[in-house]
Amino acid sequence: MRNLEFYLPICAFSQNCLKIRIRLAGMENYFPAKKGSFLRVSQKKNFLICDFIKMPHTKMRLFMNYAIGIDIGGTNTKLGAVDEKGNVFEHHEFKTTDYGDFASYMHALELAIGELCAKIPSADKCVGIGIGAPNGNYYKGTIEFAPNLPFGESAPIVEALRMVFGYKHIYLSNDANAAALGEKIYGGGRNLDHFIVITLGTGLGSGIIVDGKLLLGADGFAGELGHVCAVPNGRVCGCGKRGCLEAYVSATGIKRTFLEMLSKYNGVSSISNLTYSELDAKIIEDAAKAGDIAAKETYEITGALLGRCLADFVCFSRPSAIFLFGGPVKSGELIFAPTRRALDENSMPVFKGKVKVLPSELPASDAAILGASAMVWHAIELEA
Ligand SMILES: [Zn+2]
């Protein structure tokens with residue numbers, strides 16, 4: 001006979017119970033109820049054995065629901081299994097660039113999801129899949145004209161995954177909208193119904209939560225605050241317009257501003273020897289912290305421009321808080337101080353001093369996976 005072993009969480013029993021009766025395969029015995037993490041019940045030959053143990057981390061997962069979060073980037077695709085509290089307990093990753101079309105990519109993605117699920121104890125239950133991808137259309141479930149992805153004008157990723165995995169809850173959105181839901185479910189927005197998340201990376205993304213829900217707009221692409229006009233007839237933006245906020249407030253924008261400051265200060269800077277491709281926002285941040293005038297003014301200008309635009313965003317949705325996420329945000333007060341100051345200076349009297357500007361509470365390493373998986377929990381929450 002095969003030996004049997006299973007675990008019961010002690011919280012499943014009444015706090016006041018003194019004895020637990022276990023009946024298994026025709027055998028029966030009473031065991032004293034002792035406060036502990038888990039009751040382990042095992043059968044060895046004709047004996048029934050019970051003891052109280054602290055569960056190892058992997059076995060703690062035995063009774064969990066989880067959602068799969070997928071972050072599709074131009075270079076890598078990252079997957080993770082995430083519980084309701086935002087613990088990412090399994091990871092998987094493969095190169096997006098290894099696949100030249102949507103069909104071959106989907107085959108790889110399905111295998112990757114299968115591999116991820118195979119690592120999870122069978123008693124756990126997957127409740128759905130969330131996908132964050134550039135130009136992800138929430139309503140249609142399609143990735144449309146995504147730059148850096150060879151998927152063509154419309155790739156029906158949600159439908160393809162539903163055909164294979166059959167989950168009711170499969171959602172797609174762009175990365176910044178997913179980040180906003182990540183903040184809502186696991187981060188600093190847990191108890192807020194009105195907030196904005198601004199993600200600073202190569203570009204500037206944003207997700208807007210209003211009345212506890214993600215603002216999607218007519219076609220699912222609402223929340224493109226990176227492309228509001230911050231400087232009329234200003235710098236050319238990647239989108240083709242001029243003067244977009246993203247052209248100034250992003251890792252790339254910070255570099256462009258620094259080069260302008262180099263010119264203003266006649267090339268006097270501790271990092272003036274670096275070329276444009278050698279520079280990055282972190283190098284400029286370090287120089288600013290070391291007292292470099294051109295670098296300090298770069299961050300001052302960046303924060304001031306961001307704060308002024310945030311004051312306009314506040315007029316639109318009156319958030320309780322605005323969360324900033326991404327590499328340049330790690331510079332701390334270097335960017336937060338001028339941003340808060342400019343927000344306050346440009347706020348309508350009725351809004352002055354009422355909107356907090358805070359760092360995101362999502363861990364940078366798993367933020368994209370968390371954001372994607374949050375779409376699943378958010379949908380389940382709205383159903384309840
Ligand atoms: Zn733009």
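Which residue in β14 does Thr199 stand opposite? In the predicted model examined here, Thr199 stands opposite Gly205 in β14, and this pair belongs to an antiparallel arrangement in which strand β13 (residues 195-200) and strand β14 (residues 204-210) are linked over six bridges.

Because six of the six residues of β13 are buried, the strand is largely enclosed by the rest of the structure. In a regular strand the side chains alternate between the two faces of the sheet. Both faces of β13 are covered, with Phe195, Val197 and Thr199 buried on one side and Ile196, Ile198 and Leu200 buried on the other.

In soluble globular proteins, nonpolar side chains tend to be buried together. The largest nonpolar core of the model comprises 88 residues, and those with the most contacts inside this core are Ile131, Val197, Ile198, Ile322 and Phe325. At least three residues of this core come from each of domain 2 (65-186 + 366-383) and domain 3 (195-361). For Ile131, once neighbours within four places in sequence are left aside, the residues in contact are Ile70, Ile72, Gly136, Ile157, Tyr171, Leu172 and Ala372.

Note on methods:
Residues are numbered from 1 along each chain as its sequence is written. This is a predicted model: local features need pLDDT of at least 70, side-chain atom pairs count only at pLDDT 80 or more; totals for chains, interfaces and linings use all residues. A nonpolar core is a set of buried Ala, Val, Leu, Ile, Met, Phe, Trp, Tyr and Cys residues joined through C-beta atoms within 7 Å. A residue is buried if 20 or more other C-beta atoms lie within 10 Å of its own, exposed if 12 or fewer, and partly exposed in between; C-beta atoms are placed from the backbone. Domain bounds come from an automatic or database domain assignment. Two residues are in contact if their C-beta atoms, placed from the backbone, lie within 7 Å. Helices (H or I, at least four residues) and strands (E, at least two) are DSSP runs, numbered from the N terminus. Two strands pair if DSSP finds at least two bridges between them.
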